[in-house]
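I set down here what I looked up in this entry, in the order in which I looked. The sequence and coordinates come before the notes.

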Amino acid sequence: MQRTHDFDLDAALQDFRRRHPLQSATVDAFLALSRERDDAFSRACRHGHFTGSALVIDRSGTRALLTHHRKLDRWLQLGGHADGDRDLGAVALKEAREESGIPELTLEPDLFDIDVHDIPVRGEEAAHLHFDARFVVRTGEEEAFVVGDESHDLAWWDIAGIARDPRIDASLRRMATRWLESSQHPGGRVLQDRRKAR
């Protein structure tokens, strides 16, 4: 997907709050950082800064591509630092392409999830926060990946398995559950139809 306009983080966050009111406190934290710090999209903002990440979904809508992150030593969604780019969807798409080696990926435009999490001390880098804006990215025909320098490994995971695996970070389980309940997941359409019929 090519952006045809500037990404408006404030508007995206307000739309996200409308769709997911239980995450209003996290929306407030994102808005505060965005409005109070000119360097919030840069690593120079040492307390915390924005990142963009991608839940990469396969053609069937049933699997997600995860990275066994080299620095954090955990299975996570793909993503990285904004490094000055204020379009966090574009950041998520760029990182997904770079970390997976899959050239044809498509960004879903709506903000899918947000999360604030701690990044531990590493070498000379102090502990800080990542304010992570998360988007769904879909594959095309090509799903073969290439493991890059930032990963120990990459693997396609069953999304239903991610949602119930206690070894997986809670925020990634939340994203998996949200996808399973969405109209884009084959089973999600059935769930939504059942709710409407009640």
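Which side chain meets that of Arg 17 in a salt bridge? I find that Asp 28 does, with N and O 2.8 Å apart; a salt bridge here is a side-chain nitrogen of Lys or Arg within 4 Å of a carboxyl oxygen of Asp or Glu. Arg 17 lies in helix α1 (residues 9-19) and Asp 28 in helix α2, so the pair ties together parts that are eleven residues apart in sequence. I take helices (H or I, at least four residues) and strands (E, at least two) as DSSP runs, numbered from the N terminus.

Basis of the notes. The model is predicted: local features need pLDDT of at least 70 and side-chain atom pairs count only at pLDDT 80 or more, whereas totals for chains, interfaces and linings use all residues. Residues are numbered from 1 along each chain as its sequence is written, and side-chain values use heavy atoms, with hydrogens and water left out.

Exposure of the first pair. I looked up relative accessible area, where buried means under 20%, exposed over 50%, and partly exposed in between (1.4 Å probe, protein chains only). Arg 17 counts as partly exposed at 21%, and Asp 28 counts as partly exposed at 40%.

Further salt bridges. By the rule above I record a count of 19. Arg 43 pairs with Asp 83, the closest N and O atoms being 2.8 Å apart. This pair links distant parts of the chain, 40 residues apart: Arg 43 is in the loop between α2 and β1, and Asp 83 is in the loop between β4 (78-81) and α3. Arg 43 is partly exposed, at 42% relative accessibility.

I then turned to Asp 113 and Arg 134, whose side chains meet in a salt bridge at 3.1 Å, N to O. Asp 113 belongs to strand β6 (residues 113-119) and Arg 134 to strand β7 (residues 128-139), so the pair ties together parts that are 21 residues apart in sequence. Asp 113 is buried at 0% relative accessibility, and Arg 134 is buried at 3%. Both belong to a network of salt bridges that also links Asp 115, Asp 132, Arg 174 and Arg 178.

Arg 46. Is this residue buried or exposed? I note it as exposed, at 68% relative accessibility. Arg 46 sits in the loop between α2 (24-36) and β1 (48-57). Leaving aside residues up to four places away in sequence, it touches Ala 127 and His 128, contact meaning heavy atoms within 4.5 Å.

Helix α3. Residues 88-100 make up this helix of 13 residues, which reaches 18 Å from its first C-alpha to its last, close to the 18 Å expected at 1.5 Å a residue; the expected span is 1.5 Å times one less than the number of residues. Asp 87 caps the N-terminal end, with a side-chain oxygen 3.2 Å from the backbone nitrogen of Gly 89. Just after α3, Gly 101 takes a positive phi of about 75°. Among the buried residues of α3 are Leu 88, Val 91, Leu 93 and Glu 95.

Whole chain. I count six helices and eight strands, in the pattern α-α-β-β-β-β-α-β-β-β-β-α-α-α. The C-alpha atoms fill a box of roughly 50 × 35 × 35 Å along the principal axes. Of the 198 residues, 46% count as buried.

Note on methods:
A polar contact is a pair of N or O atoms within 3.5 Å; within protein, one must be able to donate a hydrogen and the other to accept it, and residues adjacent in sequence count only if both atoms are side-chain atoms.
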